[in-house]
Amino acid sequence: MLLDIVILLIGFVIIIKSSDVLVDAASSLALKLGVPKMLIALTIVSFGTCAPEVAISFRSVANGDGVMAFANVIGSSIVNVFLIIGLASFIRPIKVRHATVKKELPLLFIVTTVFSILMLDAAFNPLTPNTFSRSDSLILMLLFCMFILYLVGMLFKRNKNNKEESDKGKFSIVVSCLLLLVTIILIIYSSEMIIDSAKSIATALNISEKAITMTAIVIGTSLPEMIMTVTSARKGEFDMAIGNIIGTNIFNICIVLGLPILIFGNIVLEGFGFIDILAVFLSSFLLFVFARSEREVSKKEGTIMLIVFVLYYVYMLFF
């Protein structure tokens, strides 16, 4: 157990330092290329930091354990907003650009709302269990295509002050790309170190399997997003902070869950009730409402998110 604790601490040191460098490299790359920082956050950063969820989802669905894949995506969507955005905005209010309120957040809200409706089979037909089918996953894939088209549109909207901005980058394009690759790999492996050691410690302390799943796995796989978002908010890189979460949640729902189901087939949603679906829906709804209010997610609103997170987890673990 002592060795697990040491590995856990080493994992945290690696992931925190890697995330710190990742933010600087991503910001520098955006400046050097003359593209919006939001575009880098929505693509390279968010897709890279959700790699642990991709591995778990494909492995579990391929082995016929679709429930774990669903728990991973649902839990991550809730944790990413209520815990991570809540914590980041509690530390420092997150300023949200007008374009994010008008475009990126509505995209997340549409994807999350459709996802929530697709999980409500029993609500429309009580005789039918909640099932996620290939047709459902196909709808998610189409939504992801819409998201990709939006990203392509962003790519052509280069900064007007491209030459001036390019001089402000901390690293060159080549160095930024190398740092992004290395730090994402380090983040993935360090998160695996943290998850494995946390599970071993929890087992040694006789903590229940459900508690292990909801903490070590769901929160553990969200550590890259957590450290990345909190680090970005602390540095004032607000586009990186909120863009990372928006991109990750869309990627999680559409690809991490939708793609393996499209490949391996339908799964029955055993153990998921209305409260879980409501929590997923509220995550994007409250984020949109709070960001729209004063063009920032304030410390007070971050506190509300953290309270909702605690209430949901209390319900999950004890009821």
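K37 is partly exposed, with 23% relative accessible area (buried means under 20%, exposed over 50%, and partly exposed in between, for a 1.4 Å probe and protein chains only). The model is predicted, so that local features need pLDDT of at least 70 and side-chain atom pairs count only at pLDDT 80 or more, while totals for chains, interfaces and linings use all residues. Residues are numbered from 1 along each chain as its sequence is written, and side-chain values use heavy atoms, with hydrogens and water left out.

The partner of K37 in a salt bridge is E237, and the closest N and O atoms of the two are 3.1 Å apart. A salt bridge is defined as a side-chain nitrogen of Lys or Arg within 4 Å of a carboxyl oxygen of Asp or Glu. This pair links distant parts of the chain: K37 belongs to helix α2 (residues 37–49) and E237 to the loop between α11 and α12 (238–264), 200 residues apart. Helices (H or I, at least four residues) and strands (E, at least two) are DSSP runs, numbered from the N terminus. E237 is buried, at 17% relative accessible area.

In total, the structure holds 6 salt bridges. One of them joins the side chains of D20 and R234, at 3.4 Å from N to O. Here D20 sits in helix α1 (residues 2–33) and R234 in helix α11 (residues 223–234), 214 residues apart. D20 counts as buried because its relative accessibility is 17%.

Another salt bridge is formed by the side chains of E296 and K95, at 3.7 Å from N to O. Because E296 lies in strand β4 (residues 296–297) and K95 in strand β1 (residues 94–95), this pair ties together parts that are 201 residues apart in sequence. E296 is buried, with a relative accessible area of 18%. Salt bridges with shared partners also join D20, D24, R234 and K235 into one network.

The second largest pocket holds about 300 Å³ of space. A pocket is an open set of points, on a 1 Å grid over the protein atoms alone, where a 1.4 Å probe fits and with protein on both sides within 12 Å along at least five of seven lines; lining residues have an atom within 4 Å of a point. Of its 14 lining residues, I56, R59, I195, D196 and K199 are the closest to the centre. Two or more lining residues come from each of α3 (51–62), α9 (173–204) and α10 (209–221), and α3 gives the largest share, 5 residues.

How values were computed
Grid points are joined across faces, edges and corners, and a volume is the space filled by probe spheres set on the points.
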